[in-house]
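Let's take a walk through a protein model together.

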Amino acid sequence: MTSASDLRYFQTTWPRLIGLILFAGLMVAACLYHFREPDGFAAMLPDWVPLRLPIVYATAVLELAIAVLVLIPATRGWTGLFAALYLVVIVVANIYAAARGIPAPGSDSASKTALWLRVAAQPLLVWWALWCTRYPSRDTSLKGPPRKQARS
């Protein structure tokens, strides 16, 4: 049986909860975009990478799984670490696309600046994934900061 103190461990703060919901929404949007523009995402991978389309579809499913698992308190912590690792791995495709001038999926052209800004934004996404999935200290929860006890 789970005690009340154990349940508090799975609670989060309001800012992190909002961050979690937005991050999950971003992952769902990325998933849908991978299914909508698979050829554009496959173009972001070097020609020597085999099975580019299956990789794009697999990453779409992975993004959907991340979106669901970050919203489940019991899986949030390790899913956040995995999401951060995933975001670090895919920066390689973003660097390749920026260096080769490959436009974002669904676009016919893109400025080099926009392509490199996408690469520069990747560390922010990694931080976001780690921040919003981290369990808060036991002193904070959705109920707000701990209250001071009255002196007797």
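**Helices and a pocket**

Start with α2 and α4, which cross in a left-handed way (left-handed if the near helix is turned anticlockwise from the far one by less than a right angle, right-handed if clockwise). This is a predicted model, where local features need pLDDT of at least 70 and side-chain atom pairs count only at pLDDT 80 or more, while totals for chains, interfaces and linings use all residues. Residues are numbered from 1 along each chain as its sequence is written, and side-chain values use heavy atoms, leaving out hydrogens and water. Helices are DSSP runs (H or I, at least four residues), numbered from the N terminus.

The axes of α2 and α4 sit 8 Å apart, at an angle of about 160 degrees (axes are lines fitted to C-alpha atoms over the stretch in contact, and angles run from 0 to 180 degrees between N-to-C directions). That is why α2 and α4 count as roughly antiparallel (over 145 degrees; under 35 is roughly parallel, 65 to 115 roughly perpendicular and the rest oblique). In their contact (heavy atoms within 4.5 Å), α2 brings residues including F23, M27 and H34, and α4 brings V56, Y57 and E63, among others. By class, this contact has 14 nonpolar, 2 polar and 1 charged residues (Ala, Val, Leu, Ile, Met, Phe, Trp, Tyr, Cys and Pro are nonpolar, Asp, Glu, Lys and Arg charged, and the others, Gly among them, polar).

Now follow α2 (residues 14-36) over to α6 (residues 112-133): their axes come within 8 Å and cross at roughly 130 degrees. So α2 is oblique to α6. Here, too, α2 makes a left-handed crossing, and the residues that meet include L20 and L26 in α2 and W128 and W131 in α6.

And what about the open space? The largest pocket holds about 680 Å³ (a pocket is an open set of points on a 1 Å grid over the protein atoms alone, where a 1.4 Å probe fits, with protein on both sides within 12 Å along at least five of seven lines; lining residues have an atom within 4 Å of a point). Its lining has 27 residues, with H34, F41, E63, I90 and N94 nearest the centre. In the lining, 21 residues are nonpolar, 4 polar and 2 charged. Which helix gives the most to this lining? That's α5, with 7 residues.

Technical notes
Helices (H or I, at least four residues) and strands (E, at least two) are DSSP runs, numbered from the N terminus. Grid points are joined across faces, edges and corners, and a volume is the space filled by probe spheres set on the points.
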